[in-house]
Amino acid sequence: RFRDIAAILATHTAQMKLFASEGNPHCLKALAALEVTGVQCDVQYVNHEERVVPFLSRPALPALLLPNGLYLFSSNAICRYLFEVSGQESSDLCSQWLEWEATDLQPAVLRALHVAVLQGKGAEVSKALQGPLNYLDQSLSKRTTPYLTAESVSVADVVLWSALYPALSASSLASVQAWFDRVAAIQGCQAAAQKVLQGKGLQGMKNYMQRQPAPQSSQCRDTLSHNSSPTECDEGERVVSEEEMEAAALTWSKGLDSCPVATERQHPILPQEGKRNILLTSALPYVNNVPHLGNIIGCVLSADVFSRYGRLRGWNLLFICGTDEYGTATENKAREEGLTPQQICDKYHAVHASIYKWFQIDFDFFGRTTTKKQTEIAQDIFWRLHKRDFLVEDTVEQLRCESCQRFLADRFVEGICPFCNYPEARGDQCDKCGRLINAVELREPQCKVCRQTPVIRSSKHLFLDLPKLEGQLDEWLDKSTGSGDWTANAKQITRSWLRDGLKPRCITRDLKWGTPVPHPDFAEKVFYVWFDAPIGYLSITANYTDQWEKWWKNPQQVELYNFMAKDNVPFHSVVFPCSLLGAQDNYTLVNHLVATEYLNYEDTKFSKSRGVGVFGDMAQDTGIPSDVWRFYLLYLRPEGQDSAFSWADMALKNNSELLNNLGNFINRAGMFVSKFFDGCVPVMELQQEDKRLLAQVGWELRQYIQLMDKVKIRDALKHILNISRHGNQYIQVNEPWKNIKGGDSERQRASTVTGLSVNIACLLSVMLQPYMPAVSQTIRKQLNAPESCINTMLQGTGTFVCALTAGHRIGTVSPLFQKLEADQIEALKKRFGGQQVFDVHEATSQNTASAKPAAAPAPVAVAETAAVNGADPERARQLTQAVAEQGDKVRTLKAQKAEKAVITAEVAMLLDLKKQLALAEGKSPEPTPQKGKKK
Amino acid sequence: MALRELSSLEKYLGLKKPNKYSTQGDKKVPVLQSNNGAPVAGLVTIACHLVKQAQRPELLGDSAESRAVVQQWLEYRVARLDVCTKDDIKITLKDLNLYLQDKVYLAGNQFTLADIFMYYGIHPLIVDLAVQEKEKYVNVTRWFDHVQHYPGVRHHLPLVVVLRNRVYTSGHH
């Protein structure tokens with residue numbers, strides 16, 4: 001019946017065109033609707049990545065080009081339209097099913113396909129689809145018609161069937177199964193399924209699914225926006241149950257007795273039977289640059305926090321790093337400074353080592369790549385690859401400077417851009433037009449060192465045959481990314497490399513400063529750094545212990561973590577694994593690849609040449625302690641998205657989080673013990689309220705451990721700060737300084753509150769250890785805490801026990817942190833560049849401020865004067881204080897359980913102050929999260 | 001939230017007596033209890049139902065093509081916009097900005113139900129935008145301002161101030 005009408009409409013729809021891609025489950029709906037309605041329409045198959053719809057940034061298929069030139073990019077709207085032009089308008093009931101499909105079924109199907117296709121867990125499909133299928137089954141069983149909405153098939157049947165078909169082979173729900181079979185029996189449906197999936201089932205969709213972002217677990221914007229920074233989290237409205245409170249009190253009462261004492265590290269650390277053996281590497285920093293803060297947080301600092309945590313957890317762990325020393329850049333630097341490459345490496349290796357020492361990076365071994373072991377191991381891997389036919393030979397054309405007697409690396413050639421005629425194009429890229437250039441294509445090339453014209457020479461090189469290894473790599477990647485903790489960016493970058501297809505990669509270079517290629521046909525050549533450098537992990541371990549193979553050729557016993565910034569991912573996930581897979585020597589391959597995004601400096605990039613940013617060696621000259629640097633960098637860790645270092649923010653976080661929150665709590669707890677109880681921990685008698693606190697703290701501790709186990713370093717820090725916030729609130733409400741002057745029961749209350757607080761301080765010292773090792777040590781010293789508390793608290797899922805029992809004598813308590821003053825910060829900001837950038841911000845914020853509607857009245861007089869000003873350090877200082885005061889006020893009100901309206905008003909004032917502060921600091925104000933919005 | 005939108009729509013449509021709604025499930029999907037016939041569930045489905053009830057079919061589009069476009073944006077609202085993560089916000093606004101470059105309303109030159117519900121849905125995102133960003137997504141802002149001033153639409157939502165002169169002419173933010 002549709003076919004007749006469709007024939008009449010054929011002229012109308014002649015210009016229509018459907019774009020689809022094979023293996024894309026969404027396309028099944030549109031194709032099935034086409035088949036069932038018989039509407040005439042061209043179908044064009046394109047790549048998954050093809051951007052058909054001009055206004056969408058991400059590819060969206062299927063897409064229907066309408067006769068009027070508009071595009072439909074939603075498969076349901078396409079189906080609905082096809083049914084309408086064939087004479088069947090959608091009923092309310094149809095619409096209702098379509099809406100349900102889009103909002104409820106589709107997210108579940110995508111999750112199901114994700115686990116089934118990419119993680120190979122076909123068995124979990126039914127679990128993922130359970131909710132929606134039950135709903136569908138109930139609805140179907142109540143109906144008397146064979147189809148969803150009527151006696152005959154409708155758009156709702158086609159859409160739902162097509163949505164389910166790719167994921168669902170059979171259902172145990174009788175009504176669903178009967179309906180599903182009935183729709184499947186319609187001829188057009190099967191034909192469409194064959195076109196999309198090509199009879200390949202789940203595997204047919206692999207290619208498509210790999211290109212999709214991982215589905216979110218039903219989180220939406222409102223919950224996410226609270227997570228934007230570690231402090232602005234929801235203020236713990238979590239309900240604590242009676243059982244939780246009793247369980248927490250039981251754990252607490254166990255004390256330290258039963259736990260093992262921390263063992264000293266004994267070198268060399270080797271894998272042990274029955275232990276969790278972890279080999280942890282941080283990307284090797286290139287020797288001739290002084291690392292900046294971004295480098296430090298990206299690799300060594302993140303790896304250090306995780307390795308410290310791992311040791312606290314009792315894992316048998318080896319943390320390896322070193323400087324990457326070979327390559328042209330080193331040769332050049334040597335020429336500049338009039339030293340030999342070896343001298344340059346010696347000099348800068350020492351610079352690196354001292355910077356990391358200052359940052360308290362606790363390597364088990366910090367080595368270098370210019371060693372005999374490096375040559376041995378790299379050459380061994382080379383020969384193994386060669387014997388197994390994974391190396392191919394090819395000729396490469398290169399520029400050679402006859403007067404310098406060397407081949408020129410891309411960055412040592414300059415010339416006229418062949419595309420835009422820019423006269424100073426570099427050998428790899430033109431700065432003017434941005435196009436990538438092959439150095440031999442430059443017009444009038446010049447050697448940057450001597451300004452002579454180089455000649456083109458062809459020379460023979462060896463290539464690693466990546467395409468030949470792709471199958472093995474694919475299989476290993478599926479396993480590793482499926483079972484290990486790979487960050488999302490690592491998986492995504494790796495996928496995009498595989499998607500573009502692997503090409504052979506050149507592993508040799510015409511240089512002197514490198515590991516020599518041992519093959520006689522390639523004498524005088526060295527290995528390309530990307531081939532050579534990762535082998536440094538192995539050779540550095542070999543320099544640490546002769547038994548290095550127990551770590552590196554032992555995938556059965558060893559788990560390997562690689563830490564790096566995201567630009568390094570492909571070398572660790574594709575290229576280096578290919579070298580090791582091809583060499584076939586039972587190598588340990590990466591299990592967990594942890595990559596950070598980038599850290600910017602005051603919203604621009606770190607730049608050595610422009611003098612913008614803080615570099616490792618300068619941090620120590622600022623007078624700000626290493627631990628505070630570590631805290632702020634970790635607080636900002638670009639985990640999941642880029643972040644920016646800002647001086648004003650650093651001061652704010654130091655003053656609000658470290659000084660007012662964490663430091664304040666620990667100091668008060670210790671001071672109460674000293675002042676009211678002669679330095680001895682008093683007797684504690686737990687009441688309901690205390691048990692509730694124990695449960696709250698226990699919960700935060702468990703969250704911390706769960707996140708740290710997954711290397712969510714920044715998120716875990718939030719829970720440390722939450723604990724001291726709970727603690728401050730608890731002290732504020734219970735007022736031990738008043739109770740101590742009261743009668744017996746009040747005095748007992750003061751004892752309990754003080755005892756519990758000082759124990760929380762002890763727990764905090766343990767949780768802080770990976771982040772701020774010196775402060776952590778200081779706290780334990782001040783509390784005279786037994787060392788065994790370190791290991792006890794982080795056992796299993798986390799155990800908060802009473803480590804400082806009644807009668808325990810604590811040491812001398814003193815403040816842990818110092819305030820960072822605005823003028824001090826201002827001076828630092830000026831000193832480290834930012835100036836130019838600062839100006840831009842000033843202009844921006846000025847406009848922002850003046851363009852805003854009149855600001856709400858603020859409680860401090862200064863606030864009114866400056867609403868029109870741009871960045872203003874003096875005002876920022878006043879506002880910082882006002883924010884801190886207002887923050888305290890809000891906390892106190894909350895602690896006193898004041899009326900909601902009162903709190904809301906004060907919070908609004910606080911947010912307004914923060915906004916003004918942001919403006920005064922020359923930042924555009926953060927969008928305030930929409931609190932109280934209910935979904 | 002959804003219920004307030006529906007009540008605003010009822011006022012816009014001039015429906016005399018307000019309908020009764022309930023919600024179902026964890027996601028609080030609105031359900032319209034009607035006297036004659038089965039209940040109708042889902043924000044978009046109910047909205048379309050009300051429009052038909054008020055005999056204002058032009059709000060759903062006046063041709064098969066524009067009806068499809070209206071349905072597409074209504075679906076976009078509930079299936080994409082409502083679950084868009086923080087990271088997606090910029091892309092969403094960028095895409096919409098490009099789409100609206102040559103259009104007065106979402107379905108072209110005619111005001112439709114899609115404008116009303118996209119406006120309700122995008123309101124929280126626009127409220128959070130800084131002045132510079134509003135200028136960056138100038139077509140979205142223009143459309144948004146237009147819809148919020150469309151007689152009878154805004155009801156439950158606060159007005160967002162939109163500047164009509166450009167503050168940042170350089171385009172450098």
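Mentor: Start with burial: a residue is buried if 20 or more other C-beta atoms lie within 10 Å of its own, exposed if 12 or fewer, and partly exposed in between, with C-beta atoms placed from the backbone. The model is predicted: local features need pLDDT of at least 70, side-chain atom pairs count only at pLDDT 80 or more, and totals for chains, interfaces and linings use all residues. Residues are numbered from 1 along each chain as its sequence is written, while chains are lettered from A and ligands numbered from 1 in the order in which they are written.

Trainee: What makes strand E18 of chain A largely enclosed by the rest of the structure?

Mentor: Count its residues. E18(A) spans 592-596, and five of the five are buried, so the strand is largely enclosed.

Trainee: What makes E17 and E18 of chain A a pair?

Mentor: Two strands pair if DSSP finds at least two bridges between them. Strand E17(A), residues 558-565, has five bridges to E18(A), and the two run parallel. Tyr561(A) sits opposite His592(A) of E18(A).

Trainee: What counts as a helix or a strand here?

Mentor: Both are DSSP runs, numbered from the N terminus: helices are H or I with at least four residues, strands are E with at least two. Chain A has 35 helices and 20 strands. Chain B has seven helices and three strands, in the order α-β-β-β-α-α-α-α-α-α along the sequence.

Trainee: What share of each chain is buried?

Mentor: In chain A, 47% of 935 residues. In chain B, 38% of 173 residues.

Trainee: Why are E9 and E14 of chain A called edge strands?

Mentor: Look at the order first. Four strands form an open antiparallel sheet, E9-E8-E13-E14 of chain A. E9(A), 406-407, and E14(A), 505-506, each have a single partner strand, so one side of each lacks a neighbour in the sheet. Inside that order, E8(A), residues 391-401, and E13(A), residues 455-464, run antiparallel and share ten bridges. Thr395(A) faces Lys460(A) of E13(A) there.

Trainee: Which strands are the edges of the mixed sheet in chain A?

Mentor: That open sheet has four strands in the order E2-E1-E3-E4. E2 (42-45) and E4 (71-72) pair on one side only. E3(A), residues 63-65, joins E4(A) by two bridges in the antiparallel sense. Leu65(A) has Tyr71(A) as its bridge partner in E4(A). Helix H2(A), residues 25-37, lies across E1(A) and E3(A), at about 145° to E1(A).

Trainee: Why is H11(A) called roughly perpendicular to H25(A)?

Mentor: Angles run from 0 to 180 degrees between N-to-C directions of axes, which are lines fitted to C-alpha atoms, for helices over the stretch in contact. Under 35 degrees counts as roughly parallel, over 145 as roughly antiparallel, 65 to 115 as roughly perpendicular and the rest as oblique. H11(A), residues 242-254, and H25(A), residues 688-709, pack at about 85°, axes 8 Å apart. That makes the two roughly perpendicular.

Trainee: How do you know which residues of H11(A) and H25(A) meet?

Mentor: Contact requires C-beta atoms, placed from the backbone, within 7 Å. Among those that meet are Met245(A), Ala248(A) and Trp252(A) in H11(A), with Leu694(A), Ala695(A) and Gly698(A) in H25(A). The contact has six nonpolar, two polar and three charged residues. Ala, Val, Leu, Ile, Met, Phe, Trp, Tyr, Cys and Pro count as nonpolar, Asp, Glu, Lys and Arg as charged, and the others, Gly among them, as polar.

Trainee: What makes H4(A) and H2(B) roughly antiparallel?

Mentor: The angle. H4(A), residues 92-118, packs at about 155° against H2(B), residues 43-53, with axes 8 Å apart. Hence H4(A) is roughly antiparallel to H2(B). Asp92(A), Ser95(A), Gln96(A) and Glu99(A) meet Val44(B), Thr45(B), Cys48(B) and His49(B).

Trainee: Why do H24(A) and H31(A) get a class, and which one?

Mentor: H24(A), residues 647-677, and H31(A), residues 822-831, cross at roughly 150°, their axes coming within 9 Å. They are therefore roughly antiparallel. Trp647(A), Ala648(A) and Ala651(A) meet Ala822(A), Ile825(A), Leu828(A) and Lys829(A).

Methods
Two residues are in contact if their C-beta atoms, placed from the backbone, lie within 7 Å.
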